[in-house]
Amino acid sequence: MTAVVPLTEAHCEALVRFFADLPEGDRTFIREDVTDPDVVRGWAAGSPGVDRWVAVDGGDRVLGYVAVLRLPGWSDHVGEVRLVVAPAGRGAGLGRELARHAVVQALEAGLTKLVVEVVADQGPALALFTGLGFTGEALLADHIRDRDGQLRDLMVLAHHVGETWAGMAAVGLPEALDTPS
Ligand SMILES: CC(C)(COP(=O)(O)OP(=O)(O)OC[C@H]1O[C@@H](n2cnc3c(N)ncnc32)[C@H](O)[C@@H]1OP(=O)(O)O)[C@@H](O)C(=O)NCCC(=O)NCCS
């Protein structure tokens with residue numbers, strides 16, 4: 001049984017192992033240097049404007065991670081989503097569950113816009129976020145280099161969550177609010 005829970009001190013060592021086992025290319029989606037265990041351990045104390053959750057299985061193994069980082073200053077109504085699922089756990093709906101959880105919590109925290117950066121040819125990531133109401137907002141050509149040094153396009157997807165109730169309904173917020181956490 002997998003559960004999505006806020007990151008606490010108790011998950012840090014499992015999260016360090018989760019990042020260590022990820023293919024290098026997938027780690028780059030997190031941006032922070034997750035190869036440094038002290039960086040990951042430091043997250044448990046919490047940081048202003050950052051919310052992090054992990055998906056844990058019955059054996060306390062971390063199978064997925066999602067964070068929402070509130071942008072600073074005049075963009076502090078905007079949150080950036082960072083999401084990754086263990087390769088062995090993909091295709092079973094966990095990525096979608098984590099992303100949906102992050103969107104609902106971000107709404108409740110008062111954010112009105114969410115953005116996520118996705119490599120333009122990443123079909124599963126695009127399907128996942130567009131299914132939650134995100135749409136393409138910018139295409140940054142040749143913006144990143146993969147492990148082989150090849151240039152690849154980056155897409156910025158956005159969800160204007162505060163605009164309409166329809167946006168909230170798309171992520172099932174009414175049901176989420178009805179479910180005691
Ligand atoms: C993107 C990622 C989080 C998806 O995790 P996941 O647990 O496999 O996601 P899900 O099982 O919930 O599937 C999400 C969608 O992708 C589709 N999908 C899953 N695996 C797929 C595959 N191999 N090929 C094509 N589509 C696929 C599913 O149909 C699903 O769409 P739906 O909800 O409309 O049916 C995961 O692939 C990952 O960690 N990638 C590397 C990091 C990354 O790209 N992060 C996103 C930017 S921060």
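Which loop holds arginine 31? Arginine 31 sits in the loop between α2 (24-27) and α3 (37-43). I come back to this residue in point 7, after the overall picture.

1. **Overall layout.** Keep in mind that this is a predicted model. The chain has seven helices and seven strands. Going along the sequence, the order is β-α-α-α-β-β-β-α-β-α-β-β-α-α. There are 181 residues, and 41% of them count as buried. Among contacts with a separation of 6 or more, 59% join residues 24 or more positions apart.

2. **The main core.** The largest nonpolar core has 28 residues, and the members touching the most others are Val68, Leu98, Leu114, Phe129 and Phe134. At least two residues of this core come from each of β2 (50-56), β3 (62-70), β4 (78-85), α4 (94-108), β5 (113-119) and α5 (123-131). The largest share is that of α4, with seven residues. A separate second core holds 20 residues, including Phe18, Ile30, Val56 and Leu69. As background, nonpolar side chains in soluble globular proteins tend to be buried together.

3. **Phe129 up close.** What does phenylalanine 129 touch, leaving out residues up to four places away in sequence? The list is Val81, Leu83, Ala99, Val116, Val118, Phe134 and Leu157.

4. **α4 against α5.** The axes of these two helices come within 10 Å and cross at roughly 40°. An angle between 35 and 65 degrees falls in the oblique class, so α4 and α5 are oblique to each other. Their crossing is right-handed. On the α4 side the contact uses Gly95, Arg96 and Ala99, and on the α5 side Leu128, Phe129 and Gly131. Sorted by class, that makes three nonpolar, two polar and one charged residues. Ala99 and Phe129 turn up here as well as in the contact list of point 3.

5. In α1 (residues 12-21), the buried residues are Cys12, Ala14, Leu15, Val16, Phe18 and Phe19. They pack against α2, α3, β2, β3 and β4. In any α-helix there are 3.6 residues a turn, so residues three or four places apart point the same way. Histidine 11 lies in the loop between β1 (3-6) and α1. Is histidine 11 buried or exposed? Its relative accessibility is 15%, so histidine 11 counts as buried. Beyond its sequence neighbours up to four places away, histidine 11 touches Val5, Pro6, Val54, Val56 and Val62. One of these, Val56, is also a member of the second core.

6. Leucine 22 is in the loop between α1 and α2, and leucine 111 is in the loop between α4 and β5. Why do both count as buried? The cut-off is under 20% relative accessible area; leucine 22 has 3% and leucine 111 has 5%. Leucine 22 and valine 85 are 63 residues apart in sequence, with C-alpha atoms 8.8 Å apart. For leucine 111 and valine 78, the figures are 33 residues and 5.8 Å, again C-alpha to C-alpha. Setting aside residues up to four places away, leucine 22 touches Arg27, Val84, Val85, Ala86, Pro87 and Arg90. With the same exclusion, leucine 111 touches Val68, Arg70, Asp76, His77, Val78, Gly79, Ala106 and Val161.

7. Most residues other than glycine have a negative phi. What is the phi of arginine 31? It is positive, at about 75°, although arginine 31 is not a glycine. Arginine 31 has a relative accessible area of 44%, so it is partly exposed. Aspartate 60 is another non-glycine residue with a positive phi, near 65°. The place of aspartate 60 is the loop between β2 and β3. With a relative accessibility of 56%, aspartate 60 counts as exposed.

How values were computed
Residues are numbered from 1 along each chain as its sequence is written. This is a predicted model: local features need pLDDT of at least 70, side-chain atom pairs count only at pLDDT 80 or more; totals for chains, interfaces and linings use all residues. Side-chain values use heavy atoms; hydrogens and water are left out. A nonpolar core is a set of buried Ala, Val, Leu, Ile, Met, Phe, Trp, Tyr and Cys residues joined through side-chain atoms within 4.5 Å. Buried means under 20% relative accessible area, exposed over 50%, partly exposed in between (1.4 Å probe, protein chains only). Helices (H or I, at least four residues) and strands (E, at least two) are DSSP runs, numbered from the N terminus. Contact means heavy atoms within 4.5 Å. Axes are lines fitted to C-alpha atoms, for helices over the stretch in contact, and angles run from 0 to 180 degrees between N-to-C directions. Angles under 35 degrees count as roughly parallel, over 145 as roughly antiparallel, 65 to 115 as roughly perpendicular and the rest as oblique. A crossing is left-handed if the near helix is turned anticlockwise from the far one by less than a right angle, and right-handed if clockwise. Ala, Val, Leu, Ile, Met, Phe, Trp, Tyr, Cys and Pro count as nonpolar, Asp, Glu, Lys and Arg as charged, and the others, Gly among them, as polar.
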